[in-house]
Amino acid sequence: MAVDPTFSNNQGSGDGSLLVVTWVLTTANPTGVGVEVPEWADRTVHFIGTWGGATAAFQGSNTDVDGSYGNLSNAAGAAAITKTADGSPAAVIELPRFVRPKLTTVGAG
């Protein structure tokens, strides 16, 4: 079952131009529900959690069909955005219509 996100607007932004989307992925539920975000051209992802050997990826799609999602690229170096531990936020190069996180390798926790 895919994990529904929670949404927070205006965190630290007086003009409403900031949207924070949070998913809590688990070994049993490793995929986040895709979120449509066409109005935001700048996107940053930050993975935080209890990893237990997991690998998380930030993915995008223009159709929101499960098989159409692919890993998005980090603006710093153009490598795929994947994490195996807490780290720095990553700016996203591509601007697909839908985005989601996915545990490409589930962990023990």
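Select the side chains of R100 and D66 to begin: a polar contact of 2.8 Å joins them (a pair of N or O atoms within 3.5 Å, one able to donate a hydrogen and the other to accept it, with residues adjacent in sequence counted only if both atoms are side-chain atoms). The model is predicted, so that local features need pLDDT of at least 70 and side-chain atom pairs pLDDT 80 or more, while totals for chains, interfaces and linings use all residues. Residues are numbered from 1 along each chain as its sequence is written, and side-chain values use heavy atoms, without hydrogens and water.

Staying on R100, colour strand β9, residues 98-105, in which R100 lies (strands are DSSP runs of E, at least two residues, numbered from the N terminus). R100 is buried, at a relative accessible area of 5% (buried means under 20%, with a 1.4 Å probe and protein chains only). Leaving aside residues up to four places away in sequence, the residues that R100 touches include W23, F58, D66 and Y69 (contact means heavy atoms within 4.5 Å).

Next, select V45, F47, F58 and I81, which have the most contacts inside the largest nonpolar core, a set of 15 residues (buried Ala, Val, Leu, Ile, Met, Phe, Trp, Tyr and Cys joined through side-chain atoms within 4.5 Å). Strands β5 (55-61) and β9 each supply at least two residues of this core.

From V45, show its contacts with F58, I81, P89 and A90, again not counting residues up to four places away in sequence.

Note on methods: Helix = DSSP H or I, 4+ residues; strand = E, 2+ residues; numbered from the N terminus. Buried < 20%, exposed > 50% of the residue type's maximum accessible area, 1.4 Å probe, protein only.
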